[in-house]
Amino acid sequence: MTALIPRTRLSHGTIECEDCLTSRRFYQGVLGLGSVRPLAEAQYLWSGGPWSLVCVAIGDQPKAQGVENRFCLRVDTAAEVDAARDAALAAQADHHVREIGPIDEHAGVRSFVMHDRDGNWWEISNVTSAYYDEVFLRGDVAV
Amino acid sequence: MATTQLERPASAIRTTSLERGTFLTTDLVAMRRLFEEVLDLECVRYAPDALYVRERGHRPGEPLAGQPYLVLDVHEVPVIANPQAMLNHWGVFVASQSDVDRAYAALVENKERYGLRKVQKPRAAHGAYSFYFEDADCNWWEVEHRIVKRQYETLRAIGDVV
C-alpha cells in the first residue's frame, strides 16, 4: 500500500519562547545546541542531524508544556549525564530553569529532565543510536 | 553578524545530538495508521503503550542506513491533559511544491477516515510552501517543501540575518 504522502522526511519540531535572545543563551550556552535566526521572530536549533527545532518567540510567556512533550538530547557517556546535571544545577539560577529532575537509570541508560524558563522540557541521556537501530530491527513487542 | 556552528561557544552540557521528541496519543493503533498509511513513516511498538517512529530508509542495506535520524516517541494515555497547539507542531518534508498540493488534496479526501480535526490550506511563507493539519489527539503536523536556499542546513550555513 502506498502512503497518502510518500517519501517524507521528518524535518522539524516546534517550541515557543518569550524572547529569542534570552532563550538562545540557554540553548547554546547550556544545552549546546546550534542556533540561527533567519527571522526576527524565530530561531532554528539543531544538533547532530539535518532536522531542526524551530523556536518561535511569541513575546509573552508561553504556555508551560508537560514533561510528556519533551525533546531529548544525547551525551556520550553515563558519567556525562551526571556531569550534565551538575552543570544544569550550576546554571539553573542564571537561566531561570524552573525544575531539574533527579537522575533516572533504566537498562544502563541514565537520564534526567529539566523544565526551562519558557516552559519547555528537555531530557539529557546517554542512549545511543545503536539502541534505536536494534529496537527497530527487533520489531513490535507482543501486545 | 553571521553566527555559524563553527563559532559556537563551549556549552555547559556537551550534547551530541537532538535525538528524540515525545508526545501523546489516546489511540496508539490509530496513530500508527496515520504514520504508516498517511505520512509514510516507519513505526515499531517497543512497549504495549508506546511507539517509536522514524523516517523510512534507515534499515541495513537501505539508502539511509548508518545516517542519523530523529525519533518520535509516542505514548498512549487515556486522556491528554495538555493538548498541543499549532506552534507545537511536527514537520515533514516533501520533495516539491506539487507534492504539498497532492498531500493536501489527499488529506482533505481522507480527513474522516483518519479522524483529522483540521486540514488547513497550503500557503507560502519565508521560502516554505506548506500546510498544517491537526490529528485526532490535537497534535499538529506541517507538510512542507522549502526551496534550497531556505532549507534548514542552508540557513545554518548562512547564519543570522537579524
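1. Basis and numbering. This is a predicted model, in which local features need pLDDT of at least 70 and side-chain atom pairs count only at pLDDT 80 or more, whereas totals for chains, interfaces and linings use all residues. Residues are numbered from 1 along each chain as its sequence is written, and chains are lettered from A, with ligands numbered from 1, in the order in which they are written.

2. Confidence. The model scores ipTM 0.96 and pTM 0.94. The stretch to treat with care is residues 1-6 of chain B, where pLDDT stays under 50 and for which the model has 11 contacts beyond four places in sequence; two residues are in contact if their C-beta atoms, placed from the backbone, lie within 7 Å. Where pLDDT is low, the predicted coordinates should not be read in detail.

3. Fold of chain B. Chain B has three helices and nine strands, and along the sequence they follow the pattern β-α-β-β-β-β-α-β-β-β-β-α. Helices (H or I, at least four residues) and strands (E, at least two) are DSSP runs, numbered from the N terminus. Taken along the principal axes, the C-alpha atoms of chain B fill a box of roughly 50 × 40 × 35 Å. Among contacts in chain B between residues at least 6 apart in sequence, 47% join residues at least 24 apart.

4. Burial and strand S1(B). Of the 162 residues in chain B, 33% are buried, a residue being buried if 20 or more other C-beta atoms, placed from the backbone, lie within 10 Å of its own, exposed if 12 or fewer, and partly exposed in between. In S1(B), eight of the nine residues are buried, so this strand is largely enclosed by the rest of the structure. Within chain B, S1(B) pairs in the parallel sense with strand S4 (residues 71-76) over six bridges, where two strands pair if DSSP finds at least two bridges between them. In that pairing B:Phe23 stands opposite B:Val74 of S4(B).

5. Pairing across the chains. S1(B), residues 17-25, also pairs with S5(A), in the antiparallel sense and over four bridges. The bridge partner of A:Arg74 in S1(B) is B:Ser17, and that of A:Phe71 is B:Gly21.

6. The interface as a whole. In total, 62 residues of chain A are in contact with 65 residues of chain B. The largest share of the side of chain A that touches chain B, eight residues, comes from S1(A). By class, this side of chain A has 34 nonpolar, 18 polar and 10 charged residues; Ala, Val, Leu, Ile, Met, Phe, Trp, Tyr, Cys and Pro count as nonpolar, Asp, Glu, Lys and Arg as charged, and the others, Gly among them, as polar.

7. Domains of chain B. Chain B is divided into domain 1 (18-79) and domain 2 (83-162), with bounds that come from an automatic or database domain assignment. The C-alpha centres of the two domains lie 18 Å apart, and 10 residues of domain 1 are in contact with nine residues of domain 2. On the side of domain 1 that touches domain 2, S1 and helix H1 (28-38) of chain B each supply at least two residues, and H1(B) gives the most, with four residues. That side of domain 1 has seven nonpolar, two polar and one charged residues.

Key: pLDDT = per-residue confidence, 0-100.
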